[in-house]
Amino acid sequence: MSKKHLVIIIEDDFDMHNMFRMVAELVPDYEIEVITDGIEALKRIENPILPNLVLLDLHLPHVEGDEFLRIARANPSWKDVPIYVVTGDVKLAEGYQKDP
């Protein structure tokens, strides 16, 4: 049996995290974890089981996504975890785009 890949979806909007979950579930061998709160997201950084991918909303209850991103990147275990910022806020998203 092949090892499952872990995708963490950090998104408080039910429709959005449901959509991400449905897309990720189309890929075999992927396990999905959904977190809907910034505080819970920060607690997840301490879990020794690292995700293969994180989809991160910037607007979360209690702790914003950019704060989660800052703390996750400061943790040596998380430095190579791919974190993709997803947001409906176009102006905010522009600050997270990489140069071509």
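With which residue does E25 form a salt bridge? The partner is R21, and the closest N and O atoms of the pair are 3.7 Å apart. The model examined here is predicted. E25 and R21 both belong to helix α1, which spans residues 14–25. They are 4 residues apart, about one turn of the helix. E25 is partly exposed, because its relative accessibility of 46% falls between the limits of 20% and 50%. R21 also counts as partly exposed, with a relative accessible area of 25%.

The protein chain contains 4 helices and 4 strands. Read from the N terminus, the order is β-α-β-α-β-α-β-α. The chain has 100 residues, of which 33% are buried. Its accessible surface is about 6600 Å². Carbon and sulfur atoms contribute 56% of that surface. Contacts were also sorted by sequence separation. Among those between residues at least 6 apart in sequence, 70% link residues at least 24 apart.

Confidence was examined for the chain and for its elements. The mean pLDDT of the protein chain is 87. A value of 70 or more is reached by 86% of the residues. Among the elements, α2 has the highest mean pLDDT, at 97. The lowest mean, 62, belongs to helix α4, residues 90–94. Where pLDDT is low, predicted coordinates should not be read in detail.

Helix α3 covers residues 65–74. Its buried residues include G65, F68, L69 and A72. These four lie on the same side of α3, because they cover an arc of only 100° around the axis. R70 and A74 are exposed on the other side of the helix.

E67 is partly exposed, at 30% relative accessibility, whereas R70 is exposed.

In total, the structure holds 5 salt bridges. One of them joins the side chains of K79 and D80, with an N to O distance of 3.3 Å. K79 and D80 are both exposed.

Methods
Residues numbered from 1 in each chain as written. Predicted model: local features only at pLDDT ≥ 70, side-chain atom pairs only at ≥ 80, totals over all residues. Heavy atoms only, no water. Helix = DSSP H or I, 4+ residues; strand = E, 2+ residues; numbered from the N terminus. Buried < 20%, exposed > 50% of the residue type's maximum accessible area, 1.4 Å probe, protein only. Contact = heavy atoms within 4.5 Å. Areas by Shrake-Rupley, 256 points an atom, 1.4 Å probe, with all protein chains shown as cover. Arc of directions from axis to C-beta. pLDDT = per-residue confidence, 0-100. Salt bridge = Lys/Arg side-chain N within 4 Å of Asp/Glu carboxyl O.
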